[in-house]
Amino acid sequence: MKHIKFLSIFALAVMMAFTSCINDLDVEPIDPNEATSTNVFKNELSYKQALARVYATYAISGQQGGGGGMPDIEGIDENFGNYLRQYWGLQQLSTDEAIMAWDDATIKNFHWHTWAPNDVFISALYSRIFYAISLANEYVRVTNSAMGSASGQFLEDLKYYQAEARFLRAFSYWHAIDMFGNVPFVTENDLPGAFYPQQISRADLFDYIEAELLDIEGKLKAANTNEYARVDQASAWMLLAKLYLNASVYINTNKNTEALVYLNKVINEGGYALDPNYRRMFAADNHTSPEIIFPIAFDATNTQQYGGMTFILNASRGSNMPANGVSGWGGIRTIKNFVELFGISESDFTEADPAFTARADKRAYFWFHPGNWRWEIDNVGTFNHGIGVNKFTNFTSTGEQAPNAEGDFASTDFPVFRLADAYLMYAEAVVRGGQGGNRATALGYINALRDRAFGNTTNRISDAQMTLDFILDERGRELYWEAHRRTDLVRFGKHTGGAYIWTWKGNVKEGRATDSFRDLYPIPSNDLDANPNLTQNDGYTN
């Protein structure tokens, strides 16, 4: 079977250690009288099913699917309250890669850099992060107890399951340190009950994530040996490399040498390979790609919801765009500044070829119709002002309908980590002076990506061209819409300020510099008001 089947038997953690903080965010338990550790964990299989529920929190929004009720968190429409949907939005919409036409609440504020601490979407992602952490905390606590009486294969399985849950907790804490900085902190050692979680500094949280990943590295299954969509050692290596590459932002310390240690492991020991078919990694058969290290899995039958890949696929398609296996909602597109990174201008599109199929760089999945689209975005709320993006599809890479396709729901998985990212991270760490790599290898990795992109060797770069500015642009060209851009721009000093200006940045059409404090999102007002242990991020007032 392609995907883990996500079962709705495990909603324990919302009743546990984070009760005080998350209740003030209107996050409430699901069936608290029924979903308890004593009646959920009845047999050995239930522990694997519960682990699937920890994974599922990134993909689904509630207990029934399809927006049909029993949401995991309250205070926002279930269809919006999806982890990947909100993470994608906060990572992409504040950058040059995506802009939203809809008028839902404050959604346009992200591209404008005008969000505030009471923003409902910021609160939703914050709640989602700590809901996921709480689920993982309770799973670790329960498996600690179970290991005391387990033996044989069941004990070995429990050890793997717990290591995976600890990885997912570290993964969400990485989102927290990256997007919010100093945040509330709870682990499995914080027992159930109402209390005010303490706020951990960004530096201490960095140390915690690092220590967790180093500890579980040898407890996870070997790289490329676990079931599809479950993490293994390569996932831990990749997350460690992410943590170290961004250490200059998180703790004002250069850790590019440490990043290279784990990037070398990913590249040389992971068993992954560049996919010769770039399109396949964003299609409904991307579970067959040799390049994807860790995905968030979706299936049109088993993960029916209106967030995640269903949102990305539908919101990026307008009614007059090429079919991608869904009907399309006409919401998100990109802007001229980003498309120009590919060397593409308005004149490259014609009435007869709005999909730009003659593009040289095969990664450029853009759509622009000169007859009824406008290159300049005069009105942010008009979808066909801008350039369409059809990178993701709900068809297979051979153009067939996705398996299990039902209505607008997605069967395309979201690639969280893939080998191309490791190649580009390696090159960046080398150029930034990290030890343990070399420029010739870094150049070879970049040119391998460009050979794939262009289908020939004529677009390779030289060593002199391998600059940080080039690497940032190449990360955009290779990884756009994969939820990396905000983190990348922050690391390169181009997210806020005036070093890089794009259309409608700062809420003016020509763009303007924005305040540097917006490199972090604020602690949501409702949690800040409820928990006296929390201090707001600099620059924000309630």
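A salt bridge, as the term is used on this tour, is a side-chain nitrogen of Lys or Arg within 4 Å of a carboxyl oxygen of Asp or Glu. The model is a predicted one, in which local features need pLDDT of at least 70 and side-chain atom pairs count only at pLDDT 80 or more, while totals for chains, interfaces and linings use all residues. Residues are numbered from 1 along each chain as its sequence is written, and side-chain values use heavy atoms, with hydrogens and water left out.

**Stop 1: E291 and R418**

Select E291 and R418, whose side chains meet in a salt bridge at 2.9 Å, N to O. E291 lies in the loop between α11 and β4 and R418 in strand β8, so the pair ties together parts that are 127 residues apart in sequence; helices (H or I, at least four residues) and strands (E, at least two) are DSSP runs, numbered from the N terminus. Both residues of the pair, E291 and R418, are buried, a word that stands for under 20% relative accessible area, with exposed meaning over 50% and partly exposed in between (1.4 Å probe, protein chains only).

**Stop 2: two further salt bridges**

The structure holds 40 salt bridges. Select R166 and D215, where the closest N and O atoms of the salt bridge are 2.8 Å apart. This pair links distant parts of the chain, with R166 in helix α7 and D215 in helix α8 (residues 202-216), 49 residues apart. R166 counts as buried at 11% relative accessibility, whereas D215, at 36%, counts as partly exposed.

Next select K509 and D378, which form a salt bridge with the closest N and O atoms 2.4 Å apart. K509 lies in the loop between α17 and α18 and D378 in the loop between β6 (366-367) and β7, so this pair ties together parts that are 131 residues apart in sequence. K509 is partly exposed, with a relative accessible area of 30%, and D378 is partly exposed as well, with 37%. To see how salt bridges can share partners, select E291, D361, R363, K391, R418, R450, R452, E474, R477, E478 and E482, which are joined in this way into one network.

**Stop 3: aromatic rings**

Turn now to the rings of Phe, Tyr and Trp (its six-membered ring), which pair if their centres lie within 6.5 Å, with planes under 30 degrees apart counted as stacked, over 60 as edge-to-face and the rest as tilted. By this rule the count comes to 48 aromatic pairs. Select F110 and Y521, an edge-to-face pair with 6.1 Å centre to centre and 70° between the planes. F110 lies in helix α5 (residues 109-112) and Y521 in the loop between α17 (485-491) and α18 (525-530), so the pair ties together parts that are 411 residues apart in sequence. F110 counts as buried at 1% relative accessibility, and Y521 is buried with a relative accessible area of 0%.

Select F282 and F392 next: their ring centres are 5.5 Å apart and their planes stand at 90°, so the pair is edge-to-face. F282 lies in the loop between α11 (256-269) and β4 (292-296) and F392 in the loop between β7 (388-389) and β8, so parts 110 residues apart in sequence are tied together by the pair. F282 counts as buried at 0% relative accessibility, and F392 counts as buried at 2%.

**Stop 4: the largest cavity**

Finally, select Y87, F171, H175, F414 and V416, which lie nearest the centre of the largest cavity among its 14 lining residues. A cavity is a set of points, on a 1 Å grid over the protein atoms alone, where a 1.4 Å probe fits but cannot get out, and lining residues have an atom within 4 Å of a point. The helices α4 (83-92) and α7 (152-179) and the strand β8 (414-418) each supply at least two residues of this lining.

Notes. On a 1 Å grid over the protein atoms alone, a cavity is a set of points where a 1.4 Å probe fits but cannot get out, and a pocket is an open set with protein on both sides within 12 Å along at least five of seven lines; lining residues have an atom within 4 Å of a point.
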